[in-house]
Amino acid sequence: MIRARPPIWLSSSSRFATLRPAIAIALAILFTLLLASAWVQPGEEAAVRGGGQTDLGLYGAVVDGLRAGGHYYGVAAQELRAGGYPLRPFPAVRLPTLAVVQAALPDAVPILLLLVLAMATGFAWTRRIGEWFAKGPPRITALFLLAGGMVTFVQPSLVHFHDLWAGLLIALSLALRRDDRWIEPVAIALCAMLIRETAALYALVMLAMALVDGRRREALGWVAALLVFVALLSLHARAVDMIAGPLDTVSPGWSGLHGPGLFASAMARSTALTLLPWWLGAPLAMLALIGWTAAPGSLGLRAALTFGGYAAAIALFARTDTFYWVLAAAPAYLVGMAFLPDALRDLTRTLLDRRRVRVQRITR
């Protein structure tokens, strides 16, 4: 009987510790292709607007217009046209939730709320990291990587950015979710979806996992949240249709097909990896995704599927000027690199294992 080797950094064995050889070979090929794709830099696309205004400036102008007494959709249409932005199809216009709430508050309050949300998210993930990694260098490294993913989310200048808030809410929901605690994560995820519709991908992943695990009550909770989101999104679509005219600019669509390289480079731009040159930051970002696939436990699997889902969505649908979609997955993403020592050791052991089981017939 051969004993499994103890984990290197983790408190329990990685997900790769019990892989079958055929699956290990398939994963090794997949990981090699993903890592190679990180060096494929996506080409730049033509701008879809001509007004010269930044997205952040647009969102701030909408909030100012609401404070001046304007109606959200009227103000949004005016600012979008002034900046040369498309109004059609309806996802080109952000949901009104964040702008309406911020317009009702003094300038300092949304900044304070953003920092409080970032602190709560960081604290929640610090506790979950403590369940994975023993004290000492492994835990310190994981916390350092968490801080590297959170740097963008504590910048007051980005307070009007919808994807920033949605990313923090998704990360907080994911960290809080446990088998005996799912109501709060569902409610937080609904808040994220009502700020940025791309958060629905996270809710779909969590619904799928609840169904796979046979957790019917939790699955019903995710279904309810998604139904509320769809209902409000339908009202939003109707409102946008009423303000958009035939002469308004139409979005070029979401079929970029830039591949995983766009996800890796976008993640590198949105985290502390931006301090590194592109040729180093992008592959490190892809290594974090590979590390997450080995993360043990229910949280590890849900995180891996969430980050993998956003990676696939960005690879298939995002344009180079919508790289900020990656913010939905960024806060805790870099922690995936802390799983690499155990992941690589366990995967390599399986690939290099040449032992064979022989069955012999004993005759008397």
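When the whole structure, which is a predicted model, is searched for cavities of 30 Å³ or more, one is found. The volume of this largest cavity is about 40 Å³. Which residues line the largest cavity? They are Trp125, Ile170, Ala171, Leu174, Thr306, Phe307, Ala328, Ala329, Pro331 and Ala332. Two elements, helix H7 (162–176) and helix H13, each give two or more residues to that lining. The greatest contribution is that of H7, with three residues. As to class, nine of the lining residues are nonpolar and one is polar, while none is charged.

I turn now to the pockets. The largest pocket has a volume of about 780 Å³. Its lining comprises 37 residues, and those nearest the centre are Pro91, Arg94, Arg196, Glu197 and Trp254. At least two lining residues come from each of helix H2 (55–67), helix H3 (72–82), helix H9 (200–212), helix H10 (216–243) and helix H13 (297–317). In the lining of this pocket, 26 residues are nonpolar, four are polar and seven are charged.

Finally, the surface. A nonpolar patch is formed there by Trp39, Leu276, Trp279 and Leu280, which together have about 400 Å² of accessible area. Where does Leu276 lie? Leu276 is in the loop that runs between helix H11 (260–270) and helix H12 (278–292). Is Leu276 buried or partly exposed? With a relative accessible area of 34%, Leu276 is partly exposed; patch members must have over 30%, so Leu276 can be counted in the patch.

Key:
Residues numbered from 1 in each chain as written. Predicted model: local features only at pLDDT ≥ 70, side-chain atom pairs only at ≥ 80, totals over all residues. Heavy atoms only, no water. Patch = residues over 30% accessible without salt bridge, like charges linked within 9 Å, V, L, I, M, F, W, Y side chains within 5 Å. Areas by Shrake-Rupley, 256 points an atom, 1.4 Å probe, with all protein chains shown as cover. Salt bridge = Lys/Arg side-chain N within 4 Å of Asp/Glu carboxyl O. Helix = DSSP H or I, 4+ residues; strand = E, 2+ residues; numbered from the N terminus. Buried < 20%, exposed > 50% of the residue type's maximum accessible area, 1.4 Å probe, protein only. 1 Å grid on protein atoms, 1.4 Å probe; cavity = no way out; pocket = protein on both sides within 12 Å on 5 of 7 lines; lining within 4 Å. Points joined across faces, edges and corners; volume = space filled by probe spheres on them. Nonpolar A, V, L, I, M, F, W, Y, C, P; charged D, E, K, R; others polar.
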